Amino acid sequence: MLYKQSVDAAYRNGNLHIRLNGHVSPAIAAELTNAIAMLYEGKGNVFIHTANVTSIEPTSRSVLADHIKQLGLPSERLYLTGTKGLDLGPDNIKVIIYEKKKKGCCGKCKDCGCNTVQ
């Protein structure tokens, strides 16, 4: 089966943001760490967004952990976002899972009923 995969990276607010799309294989995990090694400037954090990941091969996690260690990447500054981050992330990488908002509400409205503390 042929999978379409891409690793998109961009700097925003002094942090490196990487979006994974599609299937994550060990080769993609290696590509991800190589991209971080090439692009990370030593300042800010690295956020790896997994919302668009469709599937993860089980060995991708160990490949990611090995390459992070081999390349000397700062694991204390790496963050995976999204529930797929739990499947992909090595034990020493933090995972951020966003709470889903009520449909139709951004949660930022001044007089929004969602903001009232009960």
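Predicted model: local features only at pLDDT ≥ 70, side-chain atom pairs only at ≥ 80, totals over all residues.
Local features were taken at pLDDT of at least 70 and side-chain atom pairs at pLDDT 80 or more, whereas totals for chains, interfaces and linings use all residues. Residues are numbered from 1 along each chain as its sequence is written, and side-chain values rest on heavy atoms, with hydrogens and water left out.

The secondary structure of the protein chain comprises 3 helices and 5 strands. Helices (H or I, at least four residues) and strands (E, at least two) are DSSP runs, numbered from the N terminus. Along the sequence, the elements follow the pattern β-β-α-β-α-β-α-β. Of the 118 residues of the chain, 38% count as buried; here buried denotes under 20% relative accessible area, exposed over 50%, and partly exposed in between (1.4 Å probe, protein chains only). In the loop between strand 1 (5–12) and strand 2 lies Asn-13, which is exposed at 81% relative accessibility. The phi angle of Asn-13 is near 50°, a positive value in a residue other than glycine.

Strand 2 (residues 15–24) contains Gly-22, and 9 of the 10 residues of this strand are buried. Gly-22 itself is buried, at a relative accessible area of 11%. Strand 2 pairs with strand 3 (residues 46–56) in the parallel sense over 8 bridges, where pairing requires that DSSP find at least two bridges between two strands. Within this pair, Gly-22 stands opposite Val-53 in strand 3. Strand 2, helix 1 (residues 26–39) and strand 3 form a right-handed β-α-β unit; a crossover is right-handed if, with the strands pointing away from the viewer, the path from the first strand over the helix to the second runs clockwise.

Strand 3 is also joined to strand 4, in parallel, by 4 bridges, and the bridge partner of Val-46 in strand 4 is Leu-78. Strand 4 pairs in turn with strand 5 in the parallel sense, over 3 bridges, and Leu-80 has Val-95 as its bridge partner in strand 5.

A search of the whole structure finds 1 salt bridge, defined as a side-chain nitrogen of Lys or Arg within 4 Å of a carboxyl oxygen of Asp or Glu. The side chains of Asp-91 and Arg-61 meet in this contact at 2.9 Å, N to O. The pair links distant parts of the chain, 30 residues apart: Asp-91 lies in the loop between helix 3 (84–88) and strand 5 (94–96), and Arg-61 lies in helix 2 (residues 60–71). Asp-91 is exposed, with a relative accessible area of 74%, while Arg-61 is partly exposed at 30%.

The largest pocket has a volume of about 160 Å³. On a 1 Å grid over the protein atoms alone, a pocket is an open set of points where a 1.4 Å probe fits, with protein on both sides within 12 Å along at least five of seven lines; lining residues have an atom within 4 Å of a point. Grid points are joined across faces, edges and corners, and the volume is the space filled by probe spheres set on the points. Of the 12 lining residues, Ala-51, Thr-81, Gly-82, Thr-83 and Tyr-98 are the closest to the centre of the pocket. Strand 3 provides the largest share of the lining, 3 residues.
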